[in-house]
Protein chains: 4
Amino acid sequence: MKKILMIPGPVEYDGDVLASMSIPTISHTSREFIEILQDALRNVKLIFGAPEDSLPYIISGSGTLAMEISVANFLKRDSKVLVVNTGYFGDRFAELISRFTKNIDVLKPGLGLAVDPEDVRDAASKKDYDLITVTHVDTSTGVRNDIKAIASALKDKNSLLVVDGVCSVGGESFDMKWGVDIAFTSSQKALGAPPGLAIGVVGKRGLERMERVDPLTYYSDLRKWLPVFKSALEGRASYFGTPNVNLIRALSVSLNSIKKEGMEKRIRRHEIVGDAIRSALNTIGLEMIPKSSYANTVSAVYLPKNVELQKFLSQAEENGVVLAGGLIEGISSKYFRIGHMGSVGPVEVLATISAVENSLKNNGARIEAGSGIAAAQQALQKLS
Amino acid sequence: MKKILMIPGPVEYDGDVLASMSIPTISHTSREFIEILQDALRNVKLIFGAPEDSLPYIISGSGTLAMEISVANFLKRDSKVLVVNTGYFGDRFAELISRFTKNIDVLKPGLGLAVDPEDVRDAASKKDYDLITVTHVDTSTGVRNDIKAIASALKDKNSLLVVDGVCSVGGESFDMKWGVDIAFTSSQKALGAPPGLAIGVVGKRGLERMERVDPLTYYSDLRKWLPVFKSALEGRASYFGTPNVNLIRALSVSLNSIKKEGMEKRIRRHEIVGDAIRSALNTIGLEMIPKSSYANTVSAVYLPKNVELQKFLSQAEENGVVLAGGLIEGISSKYFRIGHMGSVGPVEVLATISAVENSLKNNGARIEAGSGIAAAQQALQKLS
Amino acid sequence: MKKILMIPGPVEYDGDVLASMSIPTISHTSREFIEILQDALRNVKLIFGAPEDSLPYIISGSGTLAMEISVANFLKRDSKVLVVNTGYFGDRFAELISRFTKNIDVLKPGLGLAVDPEDVRDAASKKDYDLITVTHVDTSTGVRNDIKAIASALKDKNSLLVVDGVCSVGGESFDMKWGVDIAFTSSQKALGAPPGLAIGVVGKRGLERMERVDPLTYYSDLRKWLPVFKSALEGRASYFGTPNVNLIRALSVSLNSIKKEGMEKRIRRHEIVGDAIRSALNTIGLEMIPKSSYANTVSAVYLPKNVELQKFLSQAEENGVVLAGGLIEGISSKYFRIGHMGSVGPVEVLATISAVENSLKNNGARIEAGSGIAAAQQALQKLS
Amino acid sequence: MKKILMIPGPVEYDGDVLASMSIPTISHTSREFIEILQDALRNVKLIFGAPEDSLPYIISGSGTLAMEISVANFLKRDSKVLVVNTGYFGDRFAELISRFTKNIDVLKPGLGLAVDPEDVRDAASKKDYDLITVTHVDTSTGVRNDIKAIASALKDKNSLLVVDGVCSVGGESFDMKWGVDIAFTSSQKALGAPPGLAIGVVGKRGLERMERVDPLTYYSDLRKWLPVFKSALEGRASYFGTPNVNLIRALSVSLNSIKKEGMEKRIRRHEIVGDAIRSALNTIGLEMIPKSSYANTVSAVYLPKNVELQKFLSQAEENGVVLAGGLIEGISSKYFRIGHMGSVGPVEVLATISAVENSLKNNGARIEAGSGIAAAQQALQKLS
């Protein structure tokens, strides 16, 4: 019996992306590989909405490496940072940054709330932050911040705006040209390739800031890496560390399929899928962690009081759908998460809602089976 | 957006089966390959319920090759044959056999009906047939014949009983020891490997009959092939034609996963899946081609009168589910078919029913959306 | 330790060909598959040098199926056939044809000799053959017949010229427009895809002949299959038997890479490789089975008297090179065979010659180690 | 035409390792994945000769991440470090460490020389180093240091001995129980899996030291990662960053095949291969960078004076063998490198030597073609 992976990364990958992983590894300095890397980098810029004068990178590592890269290269020991925290990965941002500077302020809306862009503007007016970090979609809560509005609110500031796009880029509307200086993601979520790559873009202001910073780290030092990617963009090989040849090829296959679908259509598909899932969960009578600003890539959902998480997840898996538990301390066993990004469509949505319904019912929840499915079906009509 | 393949073969294959296809081809006479082939042949015998003294084969070709093999090796120019015809592949059986003998009688219950075993017994009492062929499940109609009862009804006869198990073996209860002399299938259906292999078993009476027959064909001449498979079962290499090394490896992976699941549990899963689909279709108000004897591997379903097949299939595909049209002349555009075999489970069932509901609705059918899903959900409960 | 496969099929396949095997199976009637099939069929025509008005086929089966296809569709019970026999597959041709007609003459030059085209002309002048079959390169002997000259010698005859190109098409110069009516090969040799596909082309005269023949076989009946491929060439799906979707995709990848290399360059590469191997074997002092007309795809080589075949092959395999034994009855343990086709180049040639040298030495043969390698190296210079 | 990758990583990987890369990504917290990870971690310990009380890790990243991990977790701002520098990666070690402490002494034998263990002992007697780093085999020079003797010379010291085993572990004799505290490698070299994983082991003394250090970095902070791997070793899932599921599966396949070959036999194979290559290069008349202590995994070889590197490499590639240029500043265009690790055997050695001979000849070097091959052939005899 087949199972589908509906956790917030890794997700279900396309067959040709997976098949390309098994093509024999070629030399990382060969013309063939440089062309693959160049193509991947160009598509990364495209998907991030990166300005012409920005530089992208694709480095072996998890999303946390990309997070480290996105701050370690831009911070001095006394830099002032504002962290907008809407979940577990906001906590991680603050913890990670604390390795580099202790001047950290945290703006933390209540659980389930997105930050009010005005609050970010206010904070930035009171202190001259070197860096302001925002998690676009926090994987742990499914809360989506309004990056466009935040960027707009910070238009006149010198602060660099760093966006964690791990759970958004490729699935949510996103455009660095809104005023984002540094953004990053990883391969295994909405970009549709297996885990293992830290991916990001540094804009012009970020590149300038880098020149005045001596990073304390080494593996995440962009001064070592960016020349390699600059070369690749120009079609030339250069070396710092051996790249993940097979995975970059797989990423390139996926990015090309994203380009072929078209960003607008892809974002729209994620919206409809997100709506369908929310509509179903709502009909079933489940409460979500986000109060109003919902991600289209991940949903965090409270369990009915009497339902035990592990039993719920096991039952869902017996129904063929692998879901994830919570990640917010204190309530991690009180809610579950559904990842719905990448090549997701009706098959995954309907199987998921049905598995949720079945598992709830089998765990004693009083729900009207089928009602969620019907709502999802209705919402998915917009796909055609 | 991912699509799932719910046609009656090829179907969705497991990831490790597919991945094994890309292992570099090894020599067909190497010890490693002989062990793979030996393992596959043993599992074929197991899954067919083949008696100890029978011989299995795995030959490059489609199911039609297996059909030719199963008659050409056992017929003389004047042999008498009874063909039990319950659909397109019954027609094919008769047409194919007519190349070898003209003494063919056809027992054809009305559309949607399985043959009455008593009718087979009666026919066999009136004429001394050399061969009686039955299609276990006709892929075109989803009608399932009762092989056990038929075999029992023929217990005292000299006729060889040949069973086309293409759409059944690995998904329906089947046991050559019921009294089946010759049986066959192909790789791409309930055995769970990509298309390209004709697979079958010849029992003792079949092997004896072969000695008195000079086949007119060559590629399908088992006297050429069986020594190769006999050798492989004994761990020795021998040659007639180059085997499909990669596909036999993939088949071996799939057969081992079938063995691991256990035949009883697997058949039960197919029953529950079949029930769920029928229950859903019934609730939606759709009529099936079979009147009473339903296959658990494929369903053939009439479209509501005003719904056009091609539009219906397109819409279903936009919902992520690839279905098949009809195959019975005269009504081929009046019904559609769902393949539900192999590693099929709730994910595929629910996605399929939902796609059917949506597509019907979008094509003007008056159906209560969600009702089918609810019925399927209910029936799938038995899986856990 | 890696081993390379230097037997006359299967051979070493390109990494992207193998990787493509694991892409999930798609519907055989989908637009995507029809495009892959169309592309493969067009490239088959290109590589065979097939005239515009000919029809190609790609059917699940081994080379022997293609052989049956190439005669069974064109013979009546009293047809007269001339078989040019230059080895094991000449024997097989005669045996196979004897299932369809008993009017068979065999033209069999001495072991190691190619047929003299004049002898074919003479034979064809004395009897009005319906079919004349020639094995381009007999895999068992490495003897290559001169198809161009034979076709020219038969220019005015009504006999259909059928060429077994299993061990030649894609590696040897070949062009149906020389006057070949029917030609075939299989996937696993010089076309560079795993085994499992019977591939061929029928020219206009063959298509006309078919209309006057009722084939006795069914699976190999082109009247059933050709409409499917004709449709595919026109971009439309149609059905007879389920095609080997994954393998046809792999074949398509390989054929495109052949097209990219260019037939002229590819044939030249096989010539240089063939020369290098022969030059090495000659320097080592080994005698080949062919007296003068050598294939560039396979070499059949006598072992020194005191060397035992199985020990020789084992030792070669310990040196990383898998070779094949003989196939001609009576002398099958007295010679070995090297397959050198597909993507073969210096790596394979040098490793092979070295393995041959080492294995001979370790088995007591008095040879000057290194001499063969030096000769091969010299000959391979022409590749650059 | 196939090419083989004979650079010092990535190398040629086994077909089943590559094929396993395309198995669909499973949840990183699933039982199935935890078992794969557990198995890989156990085999890492085995191959490193890691003591029972040590802890292994497998983290997405290149070898440079493993290098950072191996120092950043054990250094304070004022720690004293001795770097044994025998090439490019010795330079990198010093540069990387300088991010964490400025108290660095470098012991740098002349180019091509291994360090004298007595010199390490002397240095360690004069200053109480917190950390002493040694590159086992420097990929840039092919110089191999004698880790066993160095460890023995440091037996009584408190200094932690850190070994960069990137170009050795899995191919050279290595055993942490000699007295190595911290060791690391990456996936793409002698461990036989595609690039993308930083792999290492921390022994008891290292684990104790960690408790007294606050790392400045975050992604390379073992206090975050080790609990995850400790859990996995105990069969439980836990999370810090999303692991490279597909690549860890591939690594696991490769490590099991290493275990099956047996470490002793594997090391012996690398010795014979190394000998064969050196013997060939010596016969050809080429000078190597190492003066006496040669690695069995990589060879760095001076080009004859008149031969231009890029032309040499191109020609070698036309002969089917991809080689690497130099990496030591000042002489990087004066020498080339051959990687010979992993599943390397006669096929790769002979093809490589022949490509070197041919390319040298075509580039005007006066060498006796074939002499190198003969020498290699002779040396490879010991494999059987």
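In the predicted model, the interface between chain D and chain A brings 51 residues of chain D into contact with 51 residues of chain A. The area buried between the two chains is about 3,900 Å², with carbon and sulfur atoms giving 59% of that value. On the side of chain D, the residues that lose the most area to chain A are D:Arg99, D:Tyr218 and D:Tyr219, which together account for 19% of what that side buries.

The largest share, five residues, is supplied by α4(D). Classified by residue type, this side of chain D comprises 27 nonpolar, 16 polar and eight charged residues. A salt bridge links A:Arg99 to D:Asp221, with a separation of 2.8 Å between the closest N and O atoms.

Within chain D, helix α8(D) also packs against helix α2 (residues 31-48). The axes of these two helices come within 8 Å and cross at roughly 100°, so α2(D) lies roughly perpendicular to α8(D). The contact involves D:Ile34, D:Leu37, D:Gln38, D:Leu41 and D:Arg42 from α2(D), which meet D:Phe229, D:Ala232 and D:Leu233 from α8(D). By class, six nonpolar residues, one polar residue and one charged residue make up this contact.

Notes. Residues are numbered from 1 along each chain as its sequence is written. Chains are lettered from A and ligands numbered from 1 in the order in which they are written. This is a predicted model: local features need pLDDT of at least 70, side-chain atom pairs count only at pLDDT 80 or more; totals for chains, interfaces and linings use all residues. Side-chain values use heavy atoms; hydrogens and water are left out. Contact means heavy atoms within 4.5 Å. Buried area is the accessible area (1.4 Å probe) that two parts lose on being put together, summed over both. A salt bridge is a side-chain nitrogen of Lys or Arg within 4 Å of a carboxyl oxygen of Asp or Glu. Helices (H or I, at least four residues) and strands (E, at least two) are DSSP runs, numbered from the N terminus. Ala, Val, Leu, Ile, Met, Phe, Trp, Tyr, Cys and Pro count as nonpolar, Asp, Glu, Lys and Arg as charged, and the others, Gly among them, as polar. Axes are lines fitted to C-alpha atoms, for helices over the stretch in contact, and angles run from 0 to 180 degrees between N-to-C directions. Angles under 35 degrees count as roughly parallel, over 145 as roughly antiparallel, 65 to 115 as roughly perpendicular and the rest as oblique.
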